[in-house]
Amino acid sequence: MPDVIKTKTETVVDAIAPPEADAAAVSAAGHKEQGKPRSLWGDAWYDLRHRPMFWISSILLLLLLIVAAFPGMFTSVDPRSGDLTNHFLTKPALGHILQPDWFGYDGQGRSIYARVVYGTRASILVGVGVTALVTLLGGLLGMLAGYFGGWLDSIISRITDIFFGIPFLLGAMVVLNAFTERKVYVVILALAFLGWTSICRVMRSSVITAKQADYVTAARALGAGTPRILFRHVLPNALAPTIVVATIALGGYISAEATLSFLGLGLADPTISWGIDIAQGSKDIRDNPHALFFPAGALSLTVFAFIMLGDAVRDALDPKLR
């Protein structure tokens, strides 16, 4: 008998408060697809499909992901191999995009094109890795603080305030300076250690709003447990702002890695990074601007693509902007 009552209770709760019910109801679309009303995520996808900004950024990011995963498909040249006879040599061969000297050579006679291609991997790994860690850590802490409140909320909020008081880049420089060998995973951990605070605050605010909804009150009154309420009803309705912030922040983490590498406190040789190449190219910018232009252009294009994607996702998930 208790199992029957529990099953009926869960059925009633799901009927009263399907996930994302309140957000989907606000949607301006209000249409039906295959006879069923769309959820918040269904409305968001419907909106994204009609945004050119989303498709442009998605195609750029897909290309960058392919380059990062399979750099050997785009060049057969060793990016670490240098020939001083090619010192800052520029011989563009526009007819052959895979030509080793398409972007010219740097001060050590290394192919700039090959280094731009292989440098994509480090930047994408840092951006995605930091974003995943800060979303997991900040989202979990924000959810606990927003739902339970009280002393737990006070402790997490004060810790968040302490970390907010540390300048992001300055703090990352101090942390990374403590390591003699700074590989990709070290940079990811250092940036994630300082970058979770924004996600935490956004998630906390969203959870506080979501937990006051009628369907959460009904679920609690019908005996639903805390884990079910959190992950079945609160989290799906509080996740949208967090995804928007994380998507936009991803481009910022890539530029932060490049800045730290430029200052000599991020990635270092033999790791190939756009920030390292920008630092080396900036030393001879007047006579050989091509050594700086191409890695800087690749970095700017990548950050721009992630910011465009974040803006498109934000507009799609916020009913007020439709």
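How many aromatic pairs does the count come to? It comes to eight aromatic pairs, where rings of Phe, Tyr and Trp (its six-membered ring) pair if their centres lie within 6.5 Å. This is a predicted model, so local features need pLDDT of at least 70 and side-chain atom pairs count only at pLDDT 80 or more, while totals for chains, interfaces and linings use all residues. Residues are numbered from 1 along each chain as its sequence is written, and side-chain values use heavy atoms, with hydrogens and water left out.

**Overall build**

- The chain has 13 helices and two strands; these are DSSP runs numbered from the N terminus, with helices being H or I of at least four residues and strands E of at least two.
- Of the 322 residues, 46% are buried, meaning under 20% relative accessible area, with exposed set at over 50% and partly exposed in between (1.4 Å probe, protein chains only).
- Among contacts (heavy atoms within 4.5 Å) with a separation of 6 or more, 71% are between residues 24 or more positions apart.
- Carbon and sulfur atoms hold 67% of the accessible surface of about 16,500 Å², computed by the Shrake-Rupley method with a 1.4 Å probe.

**Nonpolar cores**

- A nonpolar core here is a set of buried Ala, Val, Leu, Ile, Met, Phe, Trp, Tyr and Cys residues joined through side-chain atoms within 4.5 Å.
- The largest one has 33 residues, and the members touching the most others are Leu-61, Val-116, Ile-254, Leu-299, Phe-306 and Leu-317.
- Helices α3, α4, α5, α11, α12 and α13 each supply at least two residues of this core, and α13 gives the largest share, with twelve.
- Leaving aside residues up to four places away in sequence, Leu-299 touches Ile-254, Ser-255, Ala-258, Trp-274 and Ile-278.
- Another core of 25 residues lies apart from the largest one and includes Phe-163, Val-186, Ile-188 and Ile-276.

**Helix α4**

- With 18 residues, α4 reaches 26 Å from its first C-alpha to its last, close to the expected 26 Å; the expected span is 1.5 Å times one less than the number of residues.
- Its buried residues are Phe-54, Ser-57, Ser-58, Leu-61, Leu-64, Val-67 and Ala-68.

**Aromatic pairs**

- Planes under 30 degrees apart count as stacked, over 60 as edge-to-face and the rest as tilted.
- Tyr-147 and Phe-148 are edge-to-face, at 5.2 Å centre to centre and 90 degrees between the planes; Tyr-147 is buried at 10% relative accessible area, whereas Phe-148 is partly exposed at 46%.
- Phe-293 and Phe-294 are also edge-to-face, because their centres are 5.3 Å apart and their planes stand at 75 degrees.
- Phe-293 is exposed at 55% relative accessible area, and Phe-294 is partly exposed at 23%.
- One aromatic cluster is formed by Phe-103, Tyr-113, Phe-293 and Phe-294.

**Salt bridges**

- There are nine salt bridges in the structure, each a side-chain nitrogen of Lys or Arg within 4 Å of a carboxyl oxygen of Asp or Glu.
- Asp-153 pairs with Arg-204, with the closest N and O atoms 2.8 Å apart; this links helix α6 to helix α9 across 51 residues.
- Asp-153 is buried at 13% relative accessible area, while Arg-204 is partly exposed at 26%.
- Arg-201 in α9 and Asp-161 in α6 are 40 residues apart, and their closest N and O atoms are 2.4 Å apart.
- Asp-315 and Arg-314 meet at 3.2 Å, N to O, and shared partners join Arg-51, Asp-311, Arg-314 and Asp-315 into one network.
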